[in-house]
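Work through the exercises below with the model open. Try each task before you read its solution.

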Amino acid sequence: MTAARTDFALRLGDTCLILGQRLAEWIGHAPAVEEDIAIGNVALDLIGQARLWLALAGDPDDLAYKRDAAGFRNLLLAEQPNGDFAVTIARQYLFDEWYGAVLAVLVAGTDTGIAEIAAQCRRENAYHLTRHREWLLRLGDGTEESHRRMQTAIDDLWMFTGEMFEADGALVDLPSLRPGWAGRVGNTLASATLTVPKDGWMQTGGQQGRHTEHLGY
């Protein structure tokens, strides 16, 4: 495996690991017992996927437990705090749409080892995406309060979405995925009576080890 591909696997693994850990913080605190179980299952899926990706980059246990915050290469979106339930759902949905597009490319790629991992992750991602999209629709087109909270969550997290499409030269042409992602997200937000934020300044750096204060904590 080339260094570029190893780094790509590391970034996917780190993002899934941090996101899974974030979701695990909800266990025992979710809005309902059913959500407690569902969120825990999604967290376990992501941590399991993280192990698969990290194993391509080195020893997964060493990579997970023996690095300081600056050593991680996850997307900044993944490390953002859970906030209220709307923030968590918005974060997960925006990620799921991106991750699903990345996995589709990897499944069709020529690297059979990566394609096999991507196929396994893709099956789980399909469930995650459906679940979080349904929640986003329910909250966005729900009460006045749930609509307000979901719009605020989307607005606050939008600055972290640009990083997902930064060119890296390995395995996936990330910039080319943006129009499709934007179209799907836009359609979902419209169905949820939500407004797509205007693109502006985007916060980046997580994939180079420059993180927000939330990861260190």
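**Exercise 1. A tryptophan and its surroundings**

Which residues does tryptophan 135 touch, not counting residues up to four places away in sequence?

Solution. This is a predicted model, in which local features need pLDDT of at least 70, side-chain atom pairs count only at pLDDT 80 or more, and totals for chains, interfaces and linings use all residues. Residues are numbered from 1 along each chain as its sequence is written, and side-chain values use heavy atoms, with hydrogens and water left out.

Step 1. Find the residue: tryptophan 135 is in helix 6. Helices here are DSSP runs (H or I, at least four residues), numbered from the N terminus.

Step 2. List the contacts, meaning heavy atoms within 4.5 Å. Tryptophan 135 touches Glu35, Phe85 and Ile89.

Step 3. Check burial. Buried means under 20% relative accessible area, exposed over 50%, and partly exposed in between (1.4 Å probe, protein chains only). Tryptophan 135 has a relative accessible area of 16%, so it is buried.

Step 4. Histidine 214 lies 79 residues from tryptophan 135 along the chain, and their C-alpha atoms are separated by 25 Å.

**Exercise 2. Helix 1 against helix 2**

Determine how helix 1 and helix 2 are oriented to each other.

Solution. Step 1. Take the axes, which are lines fitted to C-alpha atoms, for helices over the stretch in contact; angles run from 0 to 180 degrees between N-to-C directions. The axes of helix 1 and helix 2 are 7 Å apart, at an angle of about 160°.

Step 1. Apply the cut-offs: under 35 degrees is roughly parallel, over 145 roughly antiparallel, 65 to 115 roughly perpendicular, and the rest oblique. Helix 1 and helix 2 are therefore roughly antiparallel.

Step 2. A crossing is left-handed if the near helix is turned anticlockwise from the far one by less than a right angle, and right-handed if clockwise. Helix 1 passes helix 2 in a left-handed crossing.

Step 3. Sort the contact residues. Ala, Val, Leu, Ile, Met, Phe, Trp, Tyr, Cys and Pro count as nonpolar, Asp, Glu, Lys and Arg as charged, and the others, Gly among them, as polar. The contact of helix 1 with helix 2 has 18 nonpolar, 5 polar and 1 charged residues.

**Exercise 3. Helix 2 against helix 5**

Describe how helix 2 and helix 5 meet.

Solution. Step 1. Helix 2 spans residues 33-57 and helix 5 spans residues 85-107. Their axes come within 14 Å and cross at roughly 35°.

Step 1. The crossing of helix 2 past helix 5 is left-handed.

Step 2. Helix 2 brings Glu35, Ile39, Leu46, Gln49 and Trp53. Helix 5 answers with Phe85, Gln92, Phe95, Tyr99, Leu103 and Leu106. By class, this contact has 8 nonpolar, 2 polar and 1 charged residues.

Step 3. Look at another helix 2 residue, alanine 38. Alanine 38 is buried because its relative accessible area is 12%. Beyond four places in sequence, alanine 38 is in contact with Tyr127 and Arg131. Alanine 38 and arginine 131 are 93 residues apart in sequence, yet 9.3 Å apart from C-alpha to C-alpha.

**Exercise 4. Helix 6 against helix 8**

Classify the packing of helix 6 and helix 8.

Solution. Step 1. Helix 6 (residues 112-140) and helix 8 (residues 174-191) have axes 8 Å apart, at an angle of about 40°.

Step 1. The two helices are therefore oblique to each other.

Step 2. Arg133, Leu136 and Leu137 of helix 6 contact Thr188, Leu189 and Ser191 of helix 8. The classes are 3 nonpolar, 2 polar and 1 charged.
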